[in-house]
Amino acid sequence: MTFNMYWLHHSINLLKIVPFLGGWLSDRLLGDPEGWPHPIVWFGKAISAGEKVLNKGSERVLKGGILAVVLILGVYLICEWILSWAWIIHPQFSGLLTAVGVFYCLSGKTLIKEVKAVFEAVDRSTEEGRRQVARIVGRDTSNLSPQEIRAAALETLSENLSDGVIAPMFWFALLGLPGMMAYKMVNTLDSMIGYKNERYLEFGRIAALIDDIANYIPARLTAYLMLLVSNNWGKRDFVRRFGPEHASPNSGYPEAALAAVLDCQFGGTHDYFGKPVEKPYIGTNARPFTTEDMRIAIQVNSNTELVMGVIVTLILLII
């Protein structure tokens, strides 16, 4: 009996581990194939439709909060239902769907590809660099200098390592694919309505708060893993000093970690929706960025993702 229970336990663990590894390694190898249907696009359409209907009149904070909670819980429950239905058909079918879901929820390969493209573009011309970096940042890029283009790409690389890789893995370890998918809805809500401008200040307030909560641990975990894999563990005080300086309670931590690794400075004044926004400086060494900085940053990102993947695998194996 004990022998049978032992193998049942490990068989169930393998049904969790193999889909995660399959989806994660597929993302590391392939990235997001262009032209394929993507659940994040569907999330965006649902958010846009709800925003058009509800973001008007009074009680906008409440309306935006209801939309956010309904969409997040809805994604979790729908994903849970689909996996349960697939399990009844065959456990391996459920595992296959999980692997596909993990693949779609991670963006490590694509992020690295985009940042490389920015550095290559700006080396050819400033205007081409501006167009390329506009694909991955929310700020106005029309007047960015080559230095600012490279800085924007590196800042995005560090922030999205947390949002696009470490945080989804973190929530998969806690709540499986439904938790991972729900997190992606949280992140998509924040990226679409979590802005402090006239249109979204009230309507997106609760969505932004939920995103802050969901990313609190992953952002700090990302930062310290970045220091660990780059042999900069001794610079933890740097991260503790500059991490809280960012306007976001979370984004500053991975940015500070990368600034510590590269011995550089991020931040400054940038235009968002036609208005200048002053971001506190992270780091003190305001030096020019080079292609070598990009190579180092990408290696740190890749190694951080690798370590987090191993951690999640071990958690799934043990629990």
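This briefing covers the nonpolar core, a helix pair and the aromatic pairs. The model is predicted. Its largest nonpolar core has 78 residues. Helix H7 (residues 146-193) gives the most to this core, 24 residues.

**Core**
- Val133, Leu154 and Leu189 have the most contacts inside the largest core.
- Beyond its neighbours within four places in sequence, Leu189 touches Ile47, Ala68, Leu71, Ile72, Gly194 and Ala207.

**Helices H7 and H11**
- The axes of H7 and H11 (residues 291-318) come within 10 Å and cross at roughly 5 degrees.
- Angles under 35 degrees count as roughly parallel, so H7 and H11 are roughly parallel to each other.
- On the H7 side, the contact includes Leu154, Leu161, Met169, Phe170 and Phe172.
- On the H11 side, the residues include Asp293, Ile298, Asn301, Glu305, Met308 and Leu316.
- By class, this contact has 16 nonpolar, three polar and two charged residues.

**Aromatic pairs**
- The structure holds nine aromatic pairs.
- Phe170 and Trp171 form an edge-to-face pair, because their planes stand at 90 degrees; the ring centres are 5.4 Å apart.
- Phe170 is buried, with a relative accessible area of 13%.
- Phe266 and Phe289 are stacked, because their planes lie at 15 degrees; here the centres are 5.7 Å apart.
- This pair links distant parts of the chain, 23 residues apart. Phe266 lies in strand E1 (residues 266-272), and Phe289 in the loop between strand E2 (275-282) and H11.
- Phe266 and Phe289 are both buried.
- Phe20, Trp24 and Phe172 form one aromatic cluster.

How values were computed. Residues are numbered from 1 along each chain as its sequence is written. This is a predicted model: local features need pLDDT of at least 70, side-chain atom pairs count only at pLDDT 80 or more; totals for chains, interfaces and linings use all residues. Side-chain values use heavy atoms; hydrogens and water are left out. A nonpolar core is a set of buried Ala, Val, Leu, Ile, Met, Phe, Trp, Tyr and Cys residues joined through side-chain atoms within 4.5 Å. Buried means under 20% relative accessible area, exposed over 50%, partly exposed in between (1.4 Å probe, protein chains only). Helices (H or I, at least four residues) and strands (E, at least two) are DSSP runs, numbered from the N terminus. Contact means heavy atoms within 4.5 Å. Axes are lines fitted to C-alpha atoms, for helices over the stretch in contact, and angles run from 0 to 180 degrees between N-to-C directions. Angles under 35 degrees count as roughly parallel, over 145 as roughly antiparallel, 65 to 115 as roughly perpendicular and the rest as oblique. Ala, Val, Leu, Ile, Met, Phe, Trp, Tyr, Cys and Pro count as nonpolar, Asp, Glu, Lys and Arg as charged, and the others, Gly among them, as polar. Rings of Phe, Tyr and Trp (its six-membered ring) pair if their centres lie within 6.5 Å; planes under 30 degrees apart count as stacked, over 60 as edge-to-face and the rest as tilted.
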